[in-house]
Amino acid sequence: MALLQIHQFPCLSDNYGFLIHERLSGLTAAIDTPDPKAIQRELERKGWRLTHILNTHHHPDHAGGNLWLKEHAGCIIVGPSADAQRIPGIDLQIGEGETLEFGNAKAQVFDTPGHTRGHIVYYFPDEDVAFVGDTLFAMGCGRLFEGSPKQMWASLQKLMNWPGRTRIYCAHEYTQANGRFALTVDPRNQALIKRMEEVARLRAEGRPTVPTTLYQEKRTNPFLRPGSRGIRAQLGMEGAADVEVFAEVRRRKDRF
């Protein structure tokens, strides 16, 4: 039986909230704090007591509820050491190569700059689960507000080393819009076409498209596929370096 029980719920306009509950110790963490009152409501529904907040980055829809929840629950706030000054109420700073012990579960921490300069992700290898904030989305990746294409591509390559079965919990329901863009740069990808049909069905039923899996993303996400011959031909970049193809895909998505 898995150690972590994961509870996912929509909040704000397109965010997802995640609560993780470690069954043996009884510890409960919120992955980021997009909507503190919604988080509190879901905690009460589940009968869990908040002990931790695991922040991925400083943006208000990820860390804006930290202080309210800390005041109400007295929880420990964990966040990126590379950006600690912008994480409200931070207690424990953590970064690349470190392991977070969460009861009997263990998360490997990766620095993934690009979306912000101090973004981190939490990967629980024994659970085949990762919480990636705004670094990776289903068929997309985070906008480069504070980092460069070179940084983001290096960050994404770290994630691509995980097993394909890894469930990717990204922070927003952007999948359908991301897929529409993906088809403009990878229009003959049959796996992508089929996936978009599945996404359309799920959204028509009011169901989430998150989590995804790394296996799915490697087949359908253009930001993980700059080496694809089809994408390179579509962009006219057959001889370019992977990072150059990635940068062009990101530029096109920004204008889409």
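Strand β5 and strand β6 (residues 92–94) pair in the parallel sense over three bridges, where strands are DSSP runs of E with at least two residues, helices are runs of H or I with at least four residues, and both are numbered from the N terminus. Two strands are said to pair if DSSP finds at least two bridges between them. The model is a predicted one, in which local features need pLDDT of at least 70 and side-chain atom pairs count only at pLDDT 80 or more, while totals for chains, interfaces and linings use all residues. Residues are numbered from 1 along each chain as its sequence is written, and side-chain values use heavy atoms, with hydrogens and water left out.

**Strands around β5**

**The six-stranded sheet**

- Strands of a sheet pair through backbone hydrogen bonds, either parallel or antiparallel.
- An open sheet of six strands has the order β7-β8-β9-β10-β13-β14, with mixed pairing.
- At the edges of this sheet stand β7 (99–102) and β14 (212–213), each with a single partner strand, so one side of each is left without a neighbour in the sheet.
- Strand β9 (residues 120–124) and strand β10 (residues 129–133) run antiparallel and are joined by three bridges, with Tyr-122 standing opposite Phe-131 in β10.

**Aromatic rings**

- Rings of Phe, Tyr and Trp (its six-membered ring) pair if their centres lie within 6.5 Å, and planes under 30 degrees apart count as stacked, over 60 as edge-to-face and the rest as tilted; by this rule the count comes to 13 aromatic pairs.
- One of these pairs is formed by Tyr-16 and Phe-18, which is tilted, with 6.4 Å centre to centre and 35° between the planes, and both Tyr-16 and Phe-18 are buried.
- The rings of Phe-137 and Tyr-174 have centres 4.9 Å apart and planes at 70°, so this pair is edge-to-face.
- Phe-137 counts as buried at 4% relative accessibility, whereas Tyr-174 is partly exposed, with a relative accessible area of 29%.
- A single aromatic cluster is formed by Tyr-16, Phe-18, Phe-124, Phe-131 and Tyr-169.

**The largest pocket**

- The pocket search runs on a 1 Å grid over the protein atoms alone, where a cavity is a set of points where a 1.4 Å probe fits but cannot get out, and a pocket is an open set with protein on both sides within 12 Å along at least five of seven lines; lining residues have an atom within 4 Å of a point.
- The largest pocket has a volume of about 210 Å³, a volume being the space filled by probe spheres set on the grid points, which are joined across faces, edges and corners.
- Its lining holds 16 residues, of which Phe-137, Cys-141, Gly-142, Arg-143 and Tyr-174 lie nearest the centre of the pocket.
- The elements that give two or more residues to this lining are β12 (140–141) and α9 (242–255).

**Backbone features**

- Most residues other than glycine have a negative phi, and most peptide bonds are trans.
- Val-210 and Pro-211 are joined by a cis peptide bond with omega of about 5°, and Pro-211 lies in the loop between α6 (190–204) and β14.
- Asp-128, in the loop between β9 and β10, has a positive phi near 55° and counts as buried at 18% relative accessibility.
- Met-139, in the loop between β11 and β12, has a positive phi near 65° and counts as buried at 0% relative accessibility.

Methods
Buried means under 20% relative accessible area, exposed over 50%, partly exposed in between (1.4 Å probe, protein chains only).
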